[in-house]
Amino acid sequence: MTELRTLSSADFTPHLNSVFTLVSEEGLEIAATLVVSTEYPRNTMRGAARTAFDLILECPVDGVPHFNGASFTITHPVMGSVGPLYVERVASAASGPDVARFQIIFN
């Protein structure tokens, strides 16, 4: 499993538009596509080991239960497993009502 403190946005950028599997501690599995990896240099604490960044993943809303944030391990065929991570389901007008959108923030 990949160590969280060593991850950066650059680790995820090559995998944009590829599918990650999110697995909750309760066994819920969601296949979602990584659509955004954004760095936030101005929000990064001085002396931090990495630049703060977030990931946005999307999938069809059908079959995805509602939750207000939960711990998930994310798995990718090339990157392997990362986690557990706190994943929040977020709303986006751009995505539309047929899309479930998830955000993971790395400070």
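Arg-101 counts as buried because its relative accessibility is 16%, where buried means under 20% relative accessible area, exposed over 50% and partly exposed anything in between, using a 1.4 Å probe and protein chains only. Keep in mind that this is a predicted model, in which local features need pLDDT of at least 70, side-chain atom pairs count only at pLDDT 80 or more, and totals for chains, interfaces and linings use all residues. Residues are numbered from 1 along each chain as its sequence is written, and side-chain values use heavy atoms, with hydrogens and water left out.

So what does Arg-101 pair up with in a salt bridge? Its side chain meets that of Glu-58, at 2.4 Å from N to O. A salt bridge here is a side-chain nitrogen of Lys or Arg within 4 Å of a carboxyl oxygen of Asp or Glu. Side chains of opposite charge can pair when their charged atoms come close. Arg-101 sits in strand E6 and Glu-58 in strand E3, so to speak distant parts of the chain, 43 residues apart. A search of the whole structure finds one salt bridge.

Now for the rings. The structure holds four aromatic pairs. Rings of Phe, Tyr and Trp (its six-membered ring) pair if their centres lie within 6.5 Å; planes under 30 degrees apart are stacked, over 60 edge-to-face, and the rest tilted. Here are two of the pairs:

| Pair | Type | Centre to centre | Angle between planes |
|---|---|---|---|
| Phe-12 and Phe-53 | tilted | 6.0 Å | 40 degrees |
| Phe-53 and Phe-106 | stacked | 4.4 Å | 5 degrees |

Phe-12 lies in helix H1 (residues 9–12) and Phe-53 in strand E3 (residues 53–60), so their pair ties together parts 41 residues apart in sequence. The other pair in the table links Phe-53 in strand E3 with Phe-106 in strand E6 (residues 99–106), 53 residues apart. Phe-53 is buried at 1% relative accessibility, and Phe-106 is buried too, at 4%. Phe-12, Phe-20, Phe-53 and Phe-106 form one aromatic cluster.

Finally, the strands. Helices (H or I, at least four residues) and strands (E, at least two) are DSSP runs, numbered from the N terminus, and two strands pair if DSSP finds at least two bridges between them. Six strands close into a barrel with antiparallel pairing, in the order E1-E2-E3-E6-E5-E4. Strand E4 (residues 70–76) pairs with strand E5 (residues 80–90) in the antiparallel sense over six bridges. Ser-71 stands opposite Tyr-86 in E5.
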